[in-house]
Amino acid sequence: MTSRPTHGPSARGPMRPPSRSGPPNLALRLLTWRLPTYQRDTVVGDLTEVFADRVTARRHFNRLWFWAQTIGFTVSFALTPAGRRPSAADSNRPLRAGAVDTLRHDLRDAWRALGRSPGFLAIAVTTLALGIGANVAIFSLVNAVLLQPLPFHQPHQLVRVFDDLDGAGAQDIGMTVPELEDLRRQAGIFEQISGLVPTSTALAGGDRVDRIELLGTSPNYFELLGARAALGHVYGSADWVPGFVDGVVISDGLWKRQFGGDPGVIGRRIRVDEDGYTIIGVMPADFRHPGRTLSGDVDLWAATGFLAAPFPSPPVRNARYLPGAIARLAPGLTLRLAQQRLNAFVTEWQQRYPNDYPQASRWSLRLEPLQRSLVGDVSPMLVVLLVAVGVVLLIVCVNIATLLLARSSGRSREFAIRQAMGASRGRLVRQVLTESVLISLAGGAAALVVLGLARRSLLAMMPADVPRLSEVHTDWRVLAIACGLALATGLICGVTPAIHASAHDPNRDLKEGGRTGSGQSLGQSRARGALVALEVALSVILLTSAGLLIRSFVAAVQQAPGLDPAGLTVGQIWIPVPNHPEVDPYRTFPQRAALARALLLQLGTMPGAVHVALGTSDSIPFLHGPDNPVRFALPDEVAADRQDHVVAFGAASPDYFAVLRTPIRQGRVFTDHDSETAKGVVVVNEAFARKFSPTRSPVGRRWRDGAGRDFEIIGVVGDVRDEGLDVPARAHVYASIFQRSTSSLSVFFRAPAGVTGLGESLARTVHRVDPELPVFGVRTMDELMSTSLARRRFSLALMSVFAIVALFLATLGIYGVMAFVVSQRVQEFGIRSALGARPRDIILIALRPGLILTGIGTVVGLSASVVVTRVMSALLFVVSPEDPLTFATVPAVLGIAVLAACLIPARRATRVSPVQALRS
Amino acid sequence: MLGELEHLVLLVIRRLGPSAYGVPIVDELRRHTRRPVLRPSVYLTLHRLEAKGLVRSHLGDPEPRRGGRARRYFELTAAAKRAVRESRQTFRSLWVGLPSDKR
């Protein structure tokens, strides 16, 4: 009988309440759920009994013990086909498993096989995590920016309306108020249309005046977008008045920044540019105006009919006060049909108002889907990055495939034994594929975790002017892509090794493997070579692309900006424009000229500033805002040439060109005598001279502005690349700030290096003239110029990282192949050196296969690059897609890296001792 | 041929006689071997032995101490007794002539 009385049926010791002394309920439930029926009661009963014994014996950690047992049983029973009740027939029947059992077997085998080589597993999972992670990151960017529809009601019906003057070669010149009114009344094209006037304003009410961004819209703006307020309500077309509507809507950002997120903000009065408004609504945090803004997000939305002050009343047909307009197409109307109807409208209006729309200027209205107009100029960059990151993943795949191939050749004995034991080819293929898919799924999971953690810092690295960044998040598409990529990667990685694993001849492998321990067949080493050559080719493509981007970037940086940015600082001043002209202290040009003089006088005494000039905000180079082109005519032109010309326009104080160090080419620049009472004068740049006065010097010619006022051209200055270093300079006309000032001023000054607090002292100095003027946007010219290259720098940085990763992986791949080849040929090298070969000869022999692979890969890669780099011509600057320098440098760089990778195993070959080699 | 653990389990069942069920089998194994004995692998071995027709099992009565569950008692089949006897003979004949390891 039993030797241990404790196993008797009677319970000993005091009984405790079952909830305290019994085994953990959850573990019991887990066991009952997971164990096969036949075993369930026995195992659970035995465990419960031992648990009770342990409790009685006052042993410790009993519940922990029970949990450990539970996990042990659950796992080992999950991995064993012990679920079925054994029958006598079973013992003699060969094991035949169902599909689920096979999968479980494959998973278990794969798990064990991978667990045996943790180093390989770590490398593979890390590279895959890199590859998949980079792809998922770029895809989630593309997804948010390009693929997701705009977050508005029926977004495909939303369009932007552009006014073009094709005759003057000018696009997006802004809309006039009568055009907006006509389009609003015109049936059959738009369901709704709203004008857009982004503007700086001064928000008063805090301890000092703040500059905020206001968007003037038609009252139907929110109805058009189908947007609602998060708090309060928005204005609607029922609120229409000729001038500004009293109720305004603020952004979530302004609400939190300025009003501390106070829910009682609704109904509050605010003062904007001397005008009183009532806050009626706060927009949700994720609502963004779908269009270009001056700088950053819109803070305040105000509705207006555009028909009363500050807009001229009655409206003027040739004054383009509205920088833009958005519209919702009439229901059921396609873009093409709408454009056709719009063209008919344009033709009719040209006939009706021949003076306002002269034939030669070829006025037209153009529709563009709102989404494309918002993201159109970043899509080439994103597409190129997406392709590049895809190539990186391919390289990663190829790399893992070569690793797996090397592994599978080391495991040829295992496969041979399996095959000899009756495993089918399909089973072996499945086993290898299961391994590679497991690895890549692990890589994908790791990538998602890392991305989730690094999301914020990655987004912060993005150039700020890329639209819709706030919409980047992980949605089902991103997850689906991650899973799909991981699965596809696993299959692609695994397919070559799988085929090779299954193509073993068990007879040969068992013998060979037994003798040398590593039986790589000829076919396998060929496959590995081909994979490595492919890897080289792919990395050549990436290196070429990165090289072209680097060359473009260098070319852009080397462009003469037309000014000297060293020590140059810029600030902006907003002069409030009240809706009622009577209360505007700076309404007329003489009033503004006086302000400019006062400012110049005070700024001259500003501590730290050496050399000061004033301008309008249009004269700040490299500041991206809406274009504000001005129409003009040259009265002395022969009638046939006489067209509506368009040019960039800004005003500047006499010292402007001296402070910027822009060279004077002809004539003179402004002096203090070019005042509001003197004759009107303008200075033009060289681009203007080239375009509009190619045959003779423009100095002395007359220049007539859109309002018909005449100015004399007194000088020509050098071009400033103010649209960005990589954009050719536009034709530009400068007026004297005393004659043509605007409500948006800029201050330029040079300060010695190391002077800090310039923004503060600038604001103090300006407020001594008028405390109601907000000062904002104080930046150095270097910052402005660098911002204008932000996108180029971003794509360059990413592409370089991709290229370096590619180069590294390709080098690693070649190293792997070479090391293997050398180890296979140890005997040969031993014999050669025994027969008198010098180390140099052996190195050359050992290097050959690596160099041949690299050569093939480079040739293939370069030819492919010629085709591929065309795709990215939109990102190139000055450099041609077939830039010879890049195409020569890439093979050289690659060659050096590969040589280094090959030399290590090749040198090992020279150190083979002949005796040892022959003995082994 | 019997696996090592299979062999051990068969011998333990034989030693325990009619009271051979999971708990004492594991205890007995632990008492006689120096290596760690994992409970799940013992149960899997029992299962395998039953599938091979080397042990038979029957259920006892439900017991409150086991949460109302019955014990499963194991006994050797004729084939198992034969197999154990044969392996004992094999070991014995292999030891003949070898110096006994006293150390």
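**Figure 1. Strand S1 of chain A is covered on both faces.** Leu158(A), Arg160(A), Phe162(A) and Asp164(A) on one side, and Val159(A), Val161(A), Asp163(A) and Leu165(A) on the other, are all buried (under 20% relative accessible area; exposed is over 50%, partly exposed in between; 1.4 Å probe, protein chains only). The strand spans residues 158-165, and eight of its eight residues are buried. The model is predicted: local features need pLDDT of at least 70, side-chain atom pairs count only at pLDDT 80 or more, and totals for chains, interfaces and linings use all residues. Residues are numbered from 1 along each chain as its sequence is written, chains are lettered from A and ligands numbered from 1 in the order written, and side-chain values use heavy atoms, without hydrogens and water.

**Figure 2. S1(A) pairs with strands S9 and S10.** Strands are DSSP runs of E, at least two residues, and helices are runs of H or I, at least four, numbered from the N terminus; two strands pair if DSSP finds at least two bridges between them. S9 (residues 324-329) runs antiparallel to S1(A) and is joined to it by four bridges, with Ala327(A) opposite Val159(A). S10 (residues 363-369) is also antiparallel to S1(A), through seven bridges; here Leu367(A) faces Val161(A).

**Figure 3. Thr489(A) lies in helix H16 of chain A.** The helix covers residues 476-502. Thr489(A) is buried, at 2% relative accessible area. Beyond residues up to four places away in sequence, Thr489(A) touches Leu128(A), Ile132(A), Leu393(A), Cys397(A) and Ser440(A) (contact: heavy atoms within 4.5 Å). Its C-alpha atom is 8.4 Å from that of Ser436(A), 53 residues apart along the chain.
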